[in-house]
Amino acid sequence: MNFFDQWLERLRSRRDRLVADPRFQRWALKNPITRPLARRGARAGLDLAAGFVYSQVLVACAQLKLFDALRDGPLGVDALATRLTLSEPATRRLLEAAASLGLAERRGGGYGLGLLGAAFAGNSQALAIVEHQPLLYADLTDPVALLRQEKRGGLADYWPYSDGGAPETLSAQQVAPYSAFMAATQPLVAQEALDAYDMSRHRRLLDIGGGEGAFLAAAGARAPHLQLALFDLPAVAERARKRLESAGLLARTEIHGGDFLSDALPQGADVATLIRIVHDHDDSSALKLLRNVRKALAPGAMLLIIEGMSGVKGAEPLDAYYGFYTLAMGRGEPRRVEAIEALLRESGFGKFRLLRNALPALASILVAEAV
Ligand SMILES: C[S@@+](CC[C@H](N)C(=O)[O-])C[C@H]1O[C@@H](n2cnc3c(N)ncnc32)[C@H](O)[C@@H]1O
């Protein structure tokens, strides 16, 4: 540590000792100058302690389709109780909780959508994420056991390829729930990526771990001349075939099933995408994957890594959320941009560019070139 770092550390330690002192905490709340700051700190602490409950209120709103019910305007408690199939006292309790969180608004004698409620009402993809959260919450009831890796929970079963077995043998039934969920939430990610990166300059796009082809369909709609290729596990590739066929895109799409860690990837793309993939892997399998991708690309071809990245402004809570999500899943971790770049460099990529995009909490877009 240099002199400046040592000085900073002494200062921070003094601050921590001061704030940890209950007498200081009481003083800071009484003093009119420090009170706003102390209140903000107390509120942040309360929000953290109660956050799990807030999330469950949101899950209840989503599961009971509250936002749909209020979409056309405010309703009274009696009408809402019928719509949500709850008793009137239970309806009132839920709506008061929702109102306190900005998810609904008291209007006249009833309730309407609040700002946040209206935002959820217009975002079925965000609601799909909320509705799949209970699996994660169940695994998080004992976070210390999870950290000690003492048990395998429901989320690990939901993502059956995460156990590192033989993913290419997964059945249609095993891949169905997570594939449908990924497809339902992909359009938001696709919009972020395709607004930030112009695919029309390319000839052939290969989406690796491309799920049911929702990203390819969005990219193909924006760049009608683009040839499309998808690689995923055989059972998922089959789902992609059906989806792309009904979207009328099969004629311009090649679909390949296999294991992207051990099978050769299709050649000839001048741009490839790995969307919500690298963070599913520990460093050794991420390296294996990236080297395999590099083998399929000619020098000068582009690779886009699209996923939530730690340390990016606007994505700060990702380490808590996705750090524990991947822990429950049993594999992977959110990475900082520099850590992803280091893996890419080791795999034969360079000339990195982190694109600007509107919602880094959803995904960041890192562009690399095969060198
Ligand atoms: C988190 S999902 C992301 C799907 C899609 N890219 C998206 O963003 O919607 C990960 C995808 O990687 C695929 N996958 C996982 N392990 C694989 C493997 N070893 N070989 C090929 N695909 C794999 C899964 O089937 C799944 O479709």
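The axes of α3 (residues 35-63) and α8 cross at roughly 125° and come within 9 Å; axes here are lines fitted to C-alpha atoms, for helices over the stretch in contact, and angles run from 0 to 180 degrees between N-to-C directions. Helices (H or I, at least four residues) and strands (E, at least two) are DSSP runs, numbered from the N terminus. On the α3 side the contact is made by S55, L58, V59, A62 and Q63, and on the α8 side by L127, V130, E131, Q133, P134 and Y137. Two residues are in contact if their C-beta atoms, placed from the backbone, lie within 7 Å. The contact of α3 with α8 has seven nonpolar, three polar and one charged residues, where Ala, Val, Leu, Ile, Met, Phe, Trp, Tyr, Cys and Pro count as nonpolar, Asp, Glu, Lys and Arg as charged, and the others, Gly among them, as polar.

The model is predicted, so to speak of local features requires pLDDT of at least 70, side-chain atom pairs count only at pLDDT 80 or more, and totals for chains, interfaces and linings use all residues. Residues are numbered from 1 along each chain as its sequence is written.

Helix α8 (residues 124-139) also packs with α11, at an angle of about 140° and with the axes 8 Å apart. This pair, too, is oblique, and α8 passes α11 in a left-handed crossing. Here Q125, A128, I129 and H132 of α8 meet F181, A184, T185, P187 and L188 of α11. By class, the contact of α8 with α11 has six nonpolar, three polar and no charged residues.

P187 lies in α11 (residues 172-196) and touches Q125, A214 and A218, leaving aside residues up to four places away in sequence. P187 is partly exposed, with 15 other C-beta atoms within 10 Å; a residue is buried if 20 or more other C-beta atoms lie within 10 Å of its own, exposed if 12 or fewer, and partly exposed in between. P187 and L216 are 29 residues apart in sequence and 10 Å apart in space, C-alpha to C-alpha.

Helix α11 has a further partner in α13 (residues 234-246), with axes that come within 9 Å and cross at roughly 60°. α11 and α13 are oblique to each other, and the crossing is right-handed. A172, V175 and S179 of α11 make the contact with A235, V236, E238 and R239 of α13. These residues divide into four nonpolar, one polar and two charged.

The ligand comes next. α11 gives the largest share of the shell around the ligand, three residues. Of the 18 residues around the ligand, M182, G209, G211, F260 and R276 come nearest, a residue being near if its C-beta atom, placed from the backbone, lies within 6 Å. The shell has ten nonpolar, four polar and four charged residues.

The protein as a whole has 16 helices and nine strands, and buried residues make up 32% of its 371 residues.

Key:
Angles under 35 degrees count as roughly parallel, over 145 as roughly antiparallel, 65 to 115 as roughly perpendicular and the rest as oblique. A crossing is left-handed if the near helix is turned anticlockwise from the far one by less than a right angle, and right-handed if clockwise.
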